[in-house]
Amino acid sequence: MTWTSLALAVAGVLCVSLAQILFKAAAPGFNDPAAGWTDRLLQPALVGAIALYAAATVLWLFALGRGRLVVIYPVMAASYFVVPLLAWWWLGEEPHVRTWLGSAFILAGIAIAAR
């Protein structure tokens, strides 16, 4: 794996992880029955989340063009650790030990499959 493909994959992980947090932040406004559809769809957190997902997809395509999927995919699985950390830091959702164990098993499984 080149440093470029690694950097692109890590940037993609950060974009996807932050987008997940923004989706969570946008959910209450999206589910507000008093809000109109325009207000629901154009709230800044939702628009930002969609833009970050688009950016992450472009970064992922560039990373795949420069490296092998079986090598880059375990890097993408790092989002299973980053998202709970961001949720804890930004939303105050303290992760449980089961969260960390589940994330570790997922990452280990992907790492084993990538070898």
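Buried means under 20% relative accessible area, exposed over 50%, and partly exposed in between (1.4 Å probe, protein chains only). Y53 is partly exposed at 28%.

This is a predicted model: local features need pLDDT of at least 70, side-chain atom pairs count only at pLDDT 80 or more, and totals for chains, interfaces and linings use all residues. Side-chain values use heavy atoms, without hydrogens and water, and residues are numbered from 1 along each chain as its sequence is written.

**Aromatic pairs**

Rings of Phe, Tyr and Trp (its six-membered ring) pair if their centres lie within 6.5 Å; planes under 30 degrees apart count as stacked, over 60 as edge-to-face and the rest as tilted. By this rule there are 3 aromatic pairs. Two of them are tabulated here.

| Pair | Centre distance | Plane angle | Class |
|---|---|---|---|
| F23 and Y53 | 5.6 Å | 45 degrees | tilted |
| F81 and W100 | 6.3 Å | 10 degrees | stacked |

F23 lies in helix α1 and Y53 in helix α3, 30 residues apart. F23 is partly exposed at 29% relative accessibility. F81 belongs to helix α5 (residues 79-91) and W100 to helix α6 (residues 97-114), so this pair ties together parts 19 residues apart in sequence. F81 is partly exposed at 25%. W100 is partly exposed at 25%.

**Ring and charge**

The charged end of R40 sits over the ring of W37, 4.6 Å from its centre. The criterion is NZ of Lys or CZ of Arg within 6 Å of the ring centre and within 35 degrees of the ring normal.

How values were computed: Helix = DSSP H or I, 4+ residues; strand = E, 2+ residues; numbered from the N terminus.
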